[in-house]
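Student: I have a structure open on my screen and would like to learn how to read it. Could you take me through some of its features?

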Amino acid sequence: MKSVIAGLHRLEREVLPLLQKYSGFEDVVRNSGMQAVEVMRALQWLRGKALVEVKEKLVEVVELDKNGRVYREKGLPEKRFLHAASLKPLSLSQLIKTTGLSADEANVSIGLLKRKALIGMINGRELVFEITEKGKSELKSGFSEQALLRECPLELGRLSEKQKEAVQNLSIRKSIIKKSVKRSVAAFLTKKGKRIAASSELKEKVVDRLTSEMLKSGSWKQANLRGYELRAPVPRIFFGKKQPYRRFLEEVRAKFVALGFKEMNGPVVESEFWDMDALFMPQDHSARDIHAAYYVKEPKYATDLPKELVAKVKHAHEKGVAGSKGWRYDFDVKKTARLILRTHDTSISPRTLSSKELEIPGKYFHIVRCFRYDVIDATHNADFDQIGGFVVGDGLNLRHLFGLLRMFAEEFCETDKIKVVPSYFPFTEPSAALYAKHPEIGWIELAGSGIFRPEMMKPLGVDKPVIAWGIGLGRVAMFKLGLKDIRQLYSHDLEYLRNEKVL
Amino acid sequence: MPAISFSYKDFQDLLGKKLPVSEFGELLTLYAKGEVDGYDKKTGEVKVDFDDTNLPYLWSVEGLARLFRGVFKTHLGIPELKINRGNYRIVVDPSVKKVRPFISSFVFKGKPITGYFLKQLIQLQEKLDESYGRKRKKVSIGLYSYKRINFPIHYTTKAPDEIKFVPLEFSKALTPAEILEQHPKGREYGGILKGVNRYPILIDNKKNVLSLPPIINSNFTGKVETGDTDLLFEVTGTDEKAIYLATNIFAQALYDRGYKIYSVNIDYGSKKVRTPYIFNEKIRINRDQIKQLTGLDIKTSDVKQLLMKAGYEFKNYVVSIPPYRADILHQFDIIEDIAIMYGFDNIESAPLESYTIGSATEMNRFADKAREIAIGLGFQEILSPILSNKVVMEEKMETFGTGLVEIENIMSDTFSVIRSWLTPVMMEVLSKNKHRDFPQRVFEQGLVNIRKGNRIVGMEVLALAISHTKTDFTEIKQCLDAVMGSFGVNYSLEASDLKAFIDGRGAKIKAYGKEIGIIGEISPKVLVNWELEMPVSVLEIDLTEIKNIIS
């Protein structure tokens with residue numbers, strides 16, 4: 001018993017003794033000086049500790065209506081009238097002025113008060129109202145109708161004679177009280193509850209919070225720190241959190257770094273040169289159809305293209321290099337400078353390959369936002385992230401490319417069940433696609449890859465084989481994040497973001 | 001991606017062999033860079049999707065069956081294509097040079113065209129026109145009923161209103177100009193002839209118009225019907241090699257089906273070409289190259305066998321290319337076919353052996369630190385599309401001239417610019433979460449782009465926004481102190497006249513003489529624009545610039 005008492009909250013300590021006398025919820029609230037929510041919380045906790053049994057039933061109650069709520073605060077018009085008249089006899093106009101009543105309310109008040117003989121009238125030059133003795137005692141006893149308004153809501157079946165009369169009087173007036181059916185809560189002490197409610201220990205002073213002062217003064221030694229209801233729910237807090245999809249991408253990045261890949265980047269607004277032409281994609285060819293681009297309105301053309309390299313690429317397209325016949329058409333140097341939003345991550349590769357910083361052997365990757373002129377729906381975003389890169393080194397060939405794909409399947413899909421099939425990219429030859437059997441999603445197309453074409457590498461000045469690859473983790477991400485609609489990757493729903501598991 | 005459909009029974013007949021559809025699907029991925037997209041058991045129709053946009057010869061049931069005859073070794077090497085010398089002539093007027101300079105043609109005869117086969121022909125025609133032919137601009141094919149044509153045909157040009165003929169699907173005669181305006185095909189493809197003052201016309205010797213290439217055939221000669229036995233094929237275009245290739249693809253497909261092909265003499269005046277024009281291309285490859293690219297050491301006799309399966313001829317490492325292929329630019333294109341026929345399944349993978357050190361970009365590592373601070377401050381991270389729109393970026397923010405990079409060919413108004421700052425995105429987030437619990441603290445780290453004259457500058461930025469009943473400048477400045485203190489950057493504030501902020505409660509953040517961000521309390525006008533009912537304070541800093549300052 002002692003430990004139970006020690007763990008009682010201040011609210012519980014206050015409510016328990018009251019339950020010896022009252023059981024109705026409203027009664028407890030009224031006599032506790034506490035707020036209804038506090039009493040309700042205390043009752044719930046006490047029920048949890050089996051000290052109290054809570055019963056609910058439907059009862060007919062009388063409660064305040066629209067005007068009743070106003071009159072509870074301001075006082076009933078007749079009471080205000082009577083009160084004013086009690087100070088000194090006053091004329092109607094004077095009474096209206098001092099009480100602030102409307103003419104209507106004043107007239108109703110006169111009728112009511114006269115009927116009950118609470119006021120009298122003195123006839124003079126002007127009609128003057130005066131309080132009667134009965135009126136004085138009524139005012140002194142608190143004015144039964146006004147008391148009722150204060151006590152509402154009240155259970156209809158438990159009204160006193162006086163209350164019944166007041167209800168009758170008020171119910172014929174406009175929108176002061178109304179009757180309705182309510183859920184009524186009643187609480188009863190259990191056997192154990194009764195013992196504790198009667199216990200003297202309950203009255204002992206307990207301390208809720210350990211304070212700095214107590215520690216400094218040493219008063220903590222005497223203090224009786226109460227135990228807590230440890231299982232009680234607490235208010236929610238909102239904490240700083242990473243965006244789930246960004247965390248996923250971050251983990252992918254960390255994995256590539258761990259595998260020895262170096263990250264590269266490039267601009268979002270790109271020229272057709274780096275996005276396509278430098279990849280030996282002919283300017284007017286069906287191979288370019290999949291790269292439907294967004295074009296920039298202004299400025300339209302890049303001004304910083306490397307002139308020498310553009311000339312070499314132009315030559316490769318028109319006449320061919322490295323033993324190639326070339327595409328045999330007139331390369332448009334204006335078109336090559338046209339600014340677009342990059343259509344794929346591979347736009348970054350020729351920048352890196354032609355840079356002085358290129359390391360051979362080297363492994364490179366990039367995770368970047370790309371854009372396609374496409375209808376936006378559950379499977380297409382205007383923005384999407386692409387993950388890709390290349391591996392450059394002496395003697396790399398198709399077998400190494402297969403080895404790389406096998407590694408991707410193991411690292412990103414945790415599987416060695418793979419299928420590598422021929423594929424097509426305008427800038428690689430040969431090209432291969434990787435299908436991997438994800439343990440939970442099943443077969444997915446995980447990666448595309450190939451060996452960059454010699455016509456592309458020659459102008460860039462790289463004479464070692466380069467394996468290009470791109471990895472599609474969209475489905476893996478969606479699966480991991482439990483999403484059905486790709487647009488949710490960029491969700492702005494705070495509730496979703498706040499609740500999303502950190503896994 | 002090109003896609004075709006055909007009768008699977010027809011495919012098996014052409015292949016000369018029964019093959020379960022499931023197996024066909026497997027082989028398709030292994031040899032044709034395609035996949036089965038559907039098989040209707042009731043109609044027996046199969047749908048195939050292709051990855052490769054550069055192998056138009058496969059976009060017909062005949063082409064696919066031909067490839068598979070190689071795979072199953074029922075035919076090796078370049079397939080036969082016998083072309084009979086025809087006594088037909090197309091006279092080309094020099095005026096076409098400016099519009100659509102090249103034409104190629106042949107006549108085919110044999111058996112009556114069935115409804116199914118006509119559909120197949122039209123399907124191949126459409127795939128070649130649309131995908132390979134750049135929506136008819138580069139290549140556009142026409143088929144005609146031969147019996148109504150009087151040779152020679154003239155390929156010439158006419159003024160827009162010079163002649164009249166009844167186009168397909170119409171009953172009244174129209175001038176070329178009228179066709180471009182009134183006929184659905186005219187409206188669809190008319191753009192190709194934009195800005196031209198004379199239109200290309202094919203007209204026969206009796207002045208019957210065959211067609212207005214690349215728009216529409218005439219209803220008289222250009223209507224092919226079931227039961228026709230003799231037809232004329234014609235293709236016009238801007239790329240000579242491409243139209244010959246389209247001719248050869250068609251001729252081979254028809255020959256495979258048992259039609260007799262008759263050549264047509266194209267008379268350019270100065271030059272005469274007999275079409276179909278067989279390229280007879282040869283490329284020399286060598287064993288080292290094969291090993292270098294594939295890592296495989298294949299015997300010469302095997303190389304020969306593999307290449308013949310793929311439809312090539314091979315003699316002493318000189319490879320002859322079939323006339324229906326124009327995708328071979330380099331030895332590697334042939335070597336890929338060797339690897340495919342060898343079977344990707346049979347190629348053993350090898351590990352990458354080079355030792356390299358991995359690293360993330362400096363910018364990303366720095367951005368991650370900024371994110372870490374924001375999260376430490378209790379902010380929820382947001383990730384948004386980089387594309388946005390003017391209403392979000394400027395109008396609702398009461399802030400104009402932010403340097404928006406606009407998109408010319410927008411797909412939707414929602415995504416019509418690149419975001420120029422992140423604060424509006426934070427406002428958008430808050431406006432979507434009015435009914436969620438407060439306080440709300442959100443941040444995003446990401447890329448913005450700003451147009452500065454002729455240049456477009458990309459920057460990584462960090463934006464923080466706070467919304468609750470009592471948020472104010474002090475609270476957001478505490479955050480700024482935390483961020484800048486963490487980076488060890490001393491900053492100063494200078495009053496800003498940015499309309500997004502309450503007057504006197506918005507500032508520019510400066511460090512080392514450079515403007516590196518903004519901070520302030522959002523103005524009530526802007527809050528109302530976003531339908532927000534709670535105060536908001538924000539800060540946005542340029543991480544690219546701060547990183548420069550630090551290093």
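Tutor: Gladly; we will go from domains to interfaces, then to the sheet, the helices and a few single residues. Keep in mind that this is a predicted model.

Student: Let's begin with the domains. Into which domains is chain A divided?

Tutor: The assignment for chain A gives domain 1 (2-57 + 184-203), domain 2 (66-179) and domain 3 (246-498). Note that domain 1 of chain A is written as two stretches, 2-57 and 184-203. The C-alpha centres of domain 2 and domain 3 of chain A are 86 Å apart.

Student: And which domains does chain B have?

Tutor: Chain B has domain 1 (3-71), domain 2 (83-275), domain 3 (282-344) and domain 4 (362-550). Look at domain 1 and domain 3 of chain B, whose centres, taken over C-alpha atoms, are separated by 23 Å. Their contact uses 7 residues from domain 1 of chain B and 9 residues from domain 3 of chain B. On the domain 1 side, helix 2 (21-31) and helix 3 (61-71) of chain B each supply at least two residues. By class, that side has 5 nonpolar, 2 polar and no charged residues.

Student: How do I describe where the two chains meet?

Tutor: The size of an interface is often given as the accessible area lost when the parts come together. Here we can count residues instead: 79 residues of chain A are in contact with 76 residues of chain B. On the chain A side, helix 19 (residues 398-413) gives the most, with 7 residues. The chain A side divides into 37 nonpolar, 18 polar and 24 charged residues.

Student: Now the sheet in chain A. What is the order of its strands?

Tutor: This open sheet of chain A has 7 strands in the order 7-10-11-15-14-13-12, and the pairing is mixed. Strand 7 (262-263) and strand 12 (418-422) of chain A are at the edges with a single partner strand each, so one side of each has no neighbour in the sheet. Further in, strand 10 and strand 11 (residues 383-392) of chain A pair in the antiparallel sense over 10 bridges. To find one of these pairings on screen, select Phe365(A), whose bridge partner in strand 11 of chain A is Gly389(A).

Student: Which helix lies across strand 7, strand 10 and strand 11 of chain A?

Tutor: That is helix 14 (residues 244-258) of chain A, which runs at about 160° to strand 10 of chain A.

Student: How should I describe two helices that pack together?

Tutor: Two packed helices are described by the angle between their axes and the distance between the axes. Take helix 9 (residues 300-309) and helix 10 (residues 331-342) of chain B: their axes come within 9 Å and cross at roughly 90°. Angles of 65 to 115 degrees count as roughly perpendicular, so helix 9 and helix 10 of chain B are roughly perpendicular to each other. Helix 9 of chain B contributes Val303(B), Leu306(B), Leu307(B) and Lys309(B), while helix 10 of chain B contributes Asp337(B), Ile338(B), Met341(B) and Tyr342(B). These contact residues divide into 6 nonpolar, no polar and 2 charged.

Student: What about the backbone? Where is there a cis peptide bond?

Tutor: In chain A, one joins Ile360(A) and Pro361(A), with omega about -5°. Pro361(A) is in the loop between helix 18 (348-353) and strand 10 (362-371) of chain A. In chain B, the bond from Pro213(B) to Pro214(B) is cis, with omega near 0°. Pro214(B) lies in the loop between strand 9 (209-212) and strand 10 (216-217) of chain B.

Student: Which residue has a positive phi although it is not a glycine?

Tutor: Ala322(A) is one, with phi of about 55°; Arg328(A) is another, at about 60°. Ala322(A) sits in the loop between helix 16 (307-318) and helix 17 (333-336) of chain A, and Arg328(A) is also placed between helix 16 and helix 17 of chain A. Ala322(A) counts as partly exposed because it has 17 C-beta neighbours inside 10 Å. Arg328(A), with 16 such neighbours, counts as partly exposed too.

Terms used: Residues numbered from 1 in each chain as written. Chains lettered and ligands numbered in written order. Predicted model: local features only at pLDDT ≥ 70, side-chain atom pairs only at ≥ 80, totals over all residues. Contact = placed C-beta atoms within 7 Å. Helix = DSSP H or I, 4+ residues; strand = E, 2+ residues; numbered from the N terminus. Nonpolar A, V, L, I, M, F, W, Y, C, P; charged D, E, K, R; others polar. Buried ≥ 20, exposed ≤ 12 C-beta atoms within 10 Å, placed from the backbone. Pairing = 2+ DSSP bridges. Axes fitted to C-alpha atoms, helices over the stretch in contact; angles between N-to-C directions. Domains from an automatic or database assignment. Parallel < 35°, antiparallel > 145°, perpendicular 65-115°, else oblique.
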